[in-house]
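Let's take a walk through this protein together. Have a look at the chain below, and then we'll go through it piece by piece.

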Amino acid sequence: MRAGEYAGPSWWPIKLLRETGHAGVRRLGLVWLTVSAAAFVLAILEARLDWSGIPIQLGEATVGLTVYPPLFLALLLAIWLGPLWGIIPGYAAGLVSGLIGGLTVPQSLIFACATPVEVLIVWGTMVLLQIHPDLPRNRDLALFAGIGLVAAAASSLGGLIWIEVHRLDVLSG
């Protein structure tokens, strides 16, 4: 790789927050806390308003669509700042979502791993394949879409736990 060539997302160690003497670090910490709080609040809303399995009619078929904004925010934090910055709020949001959604504590602890797994898969693959977060090339866009599908499938443990606890029929929705 040549000097100045893009090498994929990088990261800042989260221990950087201990160095609060610098104004930029304080602003970074405030942005992280704000986005993390938003992920937490959106997880509560998702669980309370039941944004899981919203029926969408596609011709003759009905497909369940789940809207989970904390994943989006955790992924943005990971891409902007590094994986741990996204994993922490992603796990906390999943934990509260599981608990409010009726899962037991042990089930919620496992369920909460789904978002960090997706974040790690997406972020790690972006680093390995040197995918620019702005997705400026068709190659980057196509790879990012593929990674998203793989990550969603790999973290489906969370969905399976939810389905089992709520005794949902996978085939009928």
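This is a predicted model: local features need pLDDT of at least 70, side-chain atom pairs count only at pLDDT 80 or more; totals for chains, interfaces and linings use all residues.

Two residues are in contact when they have heavy atoms within 4.5 Å of each other. Residues are numbered from 1 along each chain as its sequence is written, and side-chain values use heavy atoms, with hydrogens and water left out.

So is W32 buried or exposed? Its relative accessible area is 11%, so W32 is buried; the word means under 20% relative accessible area, with exposed being over 50% and partly exposed in between (1.4 Å probe, protein chains only). W85 counts as buried too, at 1% relative accessibility.

These two also make up the one aromatic pair in the structure. A pair of aromatic rings is described by the distance of the centres and the angle of the planes. Rings of Phe, Tyr and Trp (its six-membered ring) pair if their centres lie within 6.5 Å; planes under 30 degrees apart count as stacked, over 60 as edge-to-face and the rest as tilted. For W32 and W85 the centres are 5.5 Å apart and the planes sit at 85°, so this pair is edge-to-face. It links distant parts of the chain, with W32 in helix 1 and W85 in helix 3, 53 residues apart. (Helices here are DSSP runs of H or I, at least four residues, numbered from the N terminus.)

Now zoom out to the largest nonpolar core, whose ten residues include W32, W85, V25, L28 and L77. Such a core is a set of buried Ala, Val, Leu, Ile, Met, Phe, Trp, Tyr and Cys residues joined through side-chain atoms within 4.5 Å. Helix 1 (23–49) and helix 2 (69–81) each supply at least two of its residues, and helix 1 gives the most, with five.

A second, separate core has seven residues, among them L75, I131, I147 and A151. Take I147, which lies in helix 6 (residues 138–154) and is buried at 7% relative accessibility. Which residues does I147 contact, leaving aside its neighbours within four places in sequence? They are I121, V122, T125, M126 and I131.
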